[in-house]
Amino acid sequence: MGLLEDFRKAYDGALFAVEWAERGDRLGAGIDAVLKPWVRERIVRWEHSMMWCDSDSDVAHAVDGLTAIAPLYAELRRELAADGLGPHRPEAPWRAIGRIRSELSVAERPVAVRARSRVHHRHEHYILCRDEPDPTSAGPQAWEFRVLSAHPGKADAAQVFPLTVRPATRDRHGTVRVPDELAHDGVRYEEMWFAFAATGWDLREAPAGEV
């Protein structure tokens, strides 16, 4: 069997592994609406990576990058599922998937989730993620901060706040433009900063007037 056929098996296996992780650790529909397409997009980025492999080290890079995704995703789901189990667990922190060391490019599509237990209180859940189809695009980045509010007997209601991030440059710190509605909500605003910290981003709020 050739290398391309072997890699296709690994690719199909990665998709199967994430599907199995989703069966084993079920999360709310509001969280899955972000995580399920997000993890599949990361896998698809590696689908044709064998086409640019010119050496054994290139092949190893592609195989390592592809096969790292499903275990990290499964671990994230296990942690989030455990966070909601009840009163005898520590306070749920922000969860972010670990940086995969063999990325296809330097561009990232980070995601962070905080899902506090709802056993005694209907805590809001939060998701921060980069929200653009091409993470390699230059210039300001589109992100979103999603708030999931619990409603008895119904699916979570999602409120999405768009964010604009300008990455750091040699002569200026990275900034984020925050909508007024989020900036004036103390708890959610604070959670947004914790979320950026969880994904490894060190930002400041954009100065007034900056788009």
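Colleague: Hi! I'm new to this one. How many helices and strands does the chain have?

Modeller: Welcome! In this predicted model, the chain has 5 helices and 7 strands.

Colleague: And in what order do the elements run from the N terminus?

Modeller: The order is α-α-α-β-β-β-β-β-β-α-α-β.

Colleague: What share of the residues count as buried?

Modeller: Of the chain's 211 residues, 41% are buried. On contacts, if you take those between residues at least 6 apart in sequence, 55% of them join residues at least 24 apart.

Colleague: Let's talk helices. How are α1 and α3 placed relative to each other?

Modeller: Helix α1 covers residues 3-24 and helix α3 covers residues 56-83; their axes come within 8 Å and cross at roughly 10°. An angle under 35 degrees counts as roughly parallel, so α1 is roughly parallel to α3.

Colleague: Which residues meet there?

Modeller: From α1 the list includes Leu3, Phe7, Ala10, Tyr11 and Ala14. On the α3 side, Val59, Ala62, Val63 and Leu66 are among them.

Colleague: What kinds of residues make up that contact of α1 with α3?

Modeller: The contact of α1 with α3 has 15 nonpolar residues, no polar ones and 2 charged ones.

Colleague: I can see Trp20 in α1. Is Trp20 buried or exposed?

Modeller: Trp20 counts as exposed, because its relative accessibility is 51% and the cut-off for exposed is over 50%.

Colleague: OK, on to α2. What span should helix α2 have, and what is the distance between its end C-alpha atoms?

Modeller: Helix α2 runs over residues 29-44, and its 16 residues should span 22 Å at 1.5 Å a residue. The end C-alpha atoms of α2 are 22 Å apart, so the two values agree.

Colleague: Which residues of α2 are buried, and what covers them?

Modeller: The buried residues of α2 are Gly30, Ile31, Asp32, Val34, Leu35, Trp38, Val39, Arg42 and Ile43. Their cover includes helices α1 and α3, along with strands β2 (111-115), β3 (125-130) and β4 (141-151).

Colleague: You mentioned Arg95. Where does Arg95 lie?

Modeller: Arg95 lies in strand β1, residues 95-96. Arg95 counts as buried because its relative accessibility is 18%. Leaving aside neighbours within four places in sequence, Arg95 is in contact with Leu76, Glu79, Leu80, Asp83, Val111, Ala112 and Val113.

Colleague: How far is the C-alpha atom of Arg95 from that of Leu76?

Modeller: Those C-alpha atoms are separated by 7.0 Å, and the residues are 19 apart along the chain.

Colleague: Last topic, cysteines. How many disulfides turn up?

Modeller: A search of the whole structure finds 0 disulfides. Cys53 counts as buried at 17% relative accessibility, and Cys129 counts as buried at 7%.

Colleague: Thanks, that helps!

Terms used
Residues numbered from 1 in each chain as written. Predicted model: local features only at pLDDT ≥ 70, side-chain atom pairs only at ≥ 80, totals over all residues. Heavy atoms only, no water. Axes fitted to C-alpha atoms, helices over the stretch in contact; angles between N-to-C directions. Helix = DSSP H or I, 4+ residues; strand = E, 2+ residues; numbered from the N terminus. Parallel < 35°, antiparallel > 145°, perpendicular 65-115°, else oblique. Contact = heavy atoms within 4.5 Å. Nonpolar A, V, L, I, M, F, W, Y, C, P; charged D, E, K, R; others polar. Expected span 1.5 Å × (residues − 1). Buried < 20%, exposed > 50% of the residue type's maximum accessible area, 1.4 Å probe, protein only. Disulfide = S-S within 2.5 Å.
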